[in-house]
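Thank you all for making the time this morning. I would like to walk through one model with you, so please have the sequence and the coordinates open while I talk.

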Amino acid sequence: MARFYEQHGRRPSRAAGLAVAVAMAAGSAVMLTAPAAHAEVIDVNYQCKTPIGNKGAVSPIDIKSTPSGGAYKLVMSFQKGVSSSPVELGKGAMKPSALIQLGGAESGTVPVAGPPNDQAIPANTPIKISDLSGTYTPKGSGKVTFTASTLTIKALGTTTTCTPSNHPKPSLSLDVKGSGGASGSTGGSATGGASAGGQLPQTGPADSAVALGTLGGTVLLAGAAGALWLTRRHQRV
């Protein structure tokens with residue numbers, strides 16, 4: 001641009017420089033106000049009450065989300081096994097489910113569930129938990145946190161309940177926009193479902209980012225048009 005002004009014997013006016021600065025500031029605002037989403041792997045110390053006594057195990061857990069309309073699909077993943085069985089659990093003998101505790105702008109829990117084990121689990125070995133999935137629909141707006149809560153393992157007609165004992169930190173936080181209804185004890189509409197076991201790296205709503213990008217582009221175009229008008233006016237004077 002500097003070479004263009006040198007070739008034509010013109011220098012940019014102060015108004016044109018100001019318009020460019022405004023446009024750059026608008027672009028920066030788009031980046032700074034993008035919707036926030038934060039996820040991390042958290043160690044959860046599960047203490048399990050089993051039919052043959054108490055057992056404990058620590059498993060790193062992460063919770064990921066994918067926007068789906070006005071809701072979010074949640075996937076809770078276990079990186080290590082928890083509890084164990086004194087006898088072998090055959091294929092399809094174990095069914096896991098869990099609760100995800102909501103915090104921040106909402107309260108309550110979201111139920112998540114997974115498919116039965118796809119292969120036999122040897123006796124006295126940690127039980128590998130498949131990915132658990134469910135759906136969270138926000139009612140309120142603001143930052144909501146998601147923390148691993150009670151894990152339930154059903155196998156061979158028995159039920160093992162595992163409770164976090166180390167007060168784990170949230171594995172996921174999202175800035176959400178709800179339907180405007182009051183937040184209830186269940187933290188919005190939530191349903192559990194079996195997961196296909198895939199990872200869902202996308203987090204946070206995308207619609208807001210698109211809207212902000214459009215707004216920033218509009219401001220950018222307005223600034224450029226103002227710079228052109230002021231430059232031509234300056235030339236005429």
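This is a predicted model: local features need pLDDT of at least 70, side-chain atom pairs count only at pLDDT 80 or more; totals for chains, interfaces and linings use all residues.

Let me begin with the overall layout. The secondary structure comes to 3 helices and 11 strands, and, read along the sequence, the pattern is α-α-β-β-β-β-β-β-β-β-β-β-β-α. Of the 237 residues in the protein, 35% are buried, and the accessible surface comes to about 13,100 Å², with 58% of that area belonging to carbon and sulfur atoms. If we take the contacts between residues at least 6 apart in sequence, 75% of them join residues at least 24 apart.

I will now turn to strand 9, residues 158-164, and to the strands that pair with it. On one side of the account we have strand 2, residues 42-50, which pairs with strand 9 in the antiparallel sense over 4 bridges. Strand 8, residues 142-155, also pairs with strand 9 in the antiparallel sense, in this case over 5 bridges, and within that pairing I153 has T160 as its bridge partner. Strands 8 and 9 form a hairpin with 2 residues between them, and L156, which sits in the turn, has a positive phi of about 50°.

Which residue of strand 9 does C48 stand opposite? The answer is C162, and these two cysteines form a disulfide, with their sulfur atoms 2.1 Å apart. The pair links distant parts of the chain, since C48 belongs to strand 2 and C162 to strand 9, 114 residues apart. The structure holds 1 disulfide, and the link of C48 and C162 is right-handed, with 110° about the S-S bond. Are the two cysteines buried or exposed? With the cut-off for buried at under 20% relative accessible area, C48 is buried because its value is 1%, and C162 is buried because its value is 0%.

Finally, I would draw your attention to two backbone angles in loops. N124 has a positive phi of about 60° although it is not a glycine, and this residue is found in the loop between strand 6 and strand 7. H167 likewise is not a glycine and has a positive phi, of about 50°, and its place is in the loop between strand 9 and strand 10. Why do these two count as exposed? The cut-off for exposed is over 50% relative accessible area, so N124 counts as exposed at 58% relative accessibility, and H167 counts as exposed because its relative accessibility is 75%.

Note on methods:
Residues are numbered from 1 along each chain as its sequence is written. Side-chain values use heavy atoms; hydrogens and water are left out. Two strands pair if DSSP finds at least two bridges between them. Buried means under 20% relative accessible area, exposed over 50%, partly exposed in between (1.4 Å probe, protein chains only). Contact means heavy atoms within 4.5 Å. Accessible areas come from the Shrake-Rupley method with a 1.4 Å probe; for residues, only the protein chains shown count as cover. A disulfide is a pair of cysteine sulfur atoms within 2.5 Å.
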